[in-house]
Amino acid sequence: MNIQPRPFDHPDAVKLNDLVQLVYAERYGEGGDMTPLDPAMFDPPRGLYLLAYDDRNQPVATGGWRTQDRNAEGYSDGDAEIKRMFVIPAGRGLGLARRILAALEADARAAGRTRMVLETGNKQPEAIALYTSSGYTPCTKFGHYRLYESSICMAKPLGQPSQVPA
């Protein structure tokens with residue numbers, strides 16, 4: 001698998017985003033994730049968007065982070081927010097989500113962010129398991145869906161590069 005940075009509006013990113021929106025709609029009975037996102041939010045150094053490709057150069061996984069600071073939606077200064085983590089069914093079980101997550105954490109840390117945050121839902125047990133096993137813990141709700149009962153918000157301190165084990 002080959003993981004590459006891509007713009008959020010790259011055709012392969014749009015393709016996988018459309019797929020994950022279908023999953024959200026199926027699980028929650030709504031129109032998908034309505035969080036307002038602008039492709040520029042993922043432009044380095046204030047964010048990063050990654051796509052994983054298989055050996056046929058087909059996109060199979062995606063994920064990004066964007067800068068967040070204290071605001072009315074409950075974020076804190078220094079936050080980096082994970083968005084659009086998704087692996088197509090044929091790519092699951094290969095550790096792609098874990099590899100993308102680690103790369104996003106490292107990039108956000110290098111950009112000076114101090115905490116990685118994410119919002120998932122109570123109908124996504126596989127996402128909750130990934131984040132819990134990666135050191136994320138529940139935190140005060142934030143973001144577009146902070147008032148929804150189904151929303152689960154998690155956070156992980158990023159620390160400084162020198163504090164990260166080799």
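Modeller: Seven strands form an open sheet in the order β1-β2-β3-β4-β5-β7-β6, with mixed pairing. Since β1 (2-5) and β6 (137-138) stand at the edges with a single partner strand each, one side of each has no neighbour in the sheet. This is a predicted model, in which local features need pLDDT of at least 70 and side-chain atom pairs count only at pLDDT 80 or more, while totals for chains, interfaces and linings use all residues. Residues are numbered from 1 along each chain as its sequence is written, and side-chain values use heavy atoms, leaving out hydrogens and water.

Colleague: How do you know which runs of residues are strands or helices, and what makes two strands a pair?

Modeller: Both are DSSP runs numbered from the N terminus: helices are H or I with at least four residues, and strands are E with at least two. Two strands pair if DSSP finds at least two bridges between them.

Colleague: Why is Val 87 called buried?

Modeller: Buried means under 20% relative accessible area, exposed over 50%, and partly exposed in between (1.4 Å probe, protein chains only). Val 87, found in strand β4, has 12% relative accessibility and therefore counts as buried. Apart from residues up to four places away in sequence, Val 87 touches Val 60, Ala 61, Arg 92, Leu 96 and Ala 97, where contact means heavy atoms within 4.5 Å.

Colleague: Why is β2 described as largely enclosed?

Modeller: Seven of the seven residues of β2 are buried, so the strand is largely enclosed by the rest of the structure. Gly 47, Tyr 49, Leu 51 and Tyr 53 point one way, and Leu 48, Leu 50 and Ala 52 the other. The conclusion also holds for β3, because 10 of its 10 residues are buried.

Colleague: What makes the buried residues of α3 line one face?

Modeller: In α3 (residues 125-133), Ala 127, Leu 130 and Tyr 131 are buried. Seen down the axis, the buried residues fall within an arc of 90 degrees, so they line one face of the helix; the arc is that of the directions from the helix axis to the C-beta atoms. Their cover includes β4 (79-87), α2 (96-110), β5 (115-121) and β7 (151-157).

Colleague: How do you know that Arg 109 has no salt bridge?

Modeller: A salt bridge is a side-chain nitrogen of Lys or Arg within 4 Å of a carboxyl oxygen of Asp or Glu. Arg 109, in helix α2, is buried, and the nearest side chain of opposite charge, Glu 105, is 4.7 Å away, so Arg 109 has no salt bridge. The backbone oxygen of Leu 158 does lie 2.8 Å from a polar atom of the Arg 109 side chain.

Technical notes
Lys and Arg count as positive and Asp and Glu as negative; His and the chain ends are not counted. A polar contact is a pair of N or O atoms within 3.5 Å; within protein, one must be able to donate a hydrogen and the other to accept it, and residues adjacent in sequence count only if both atoms are side-chain atoms.
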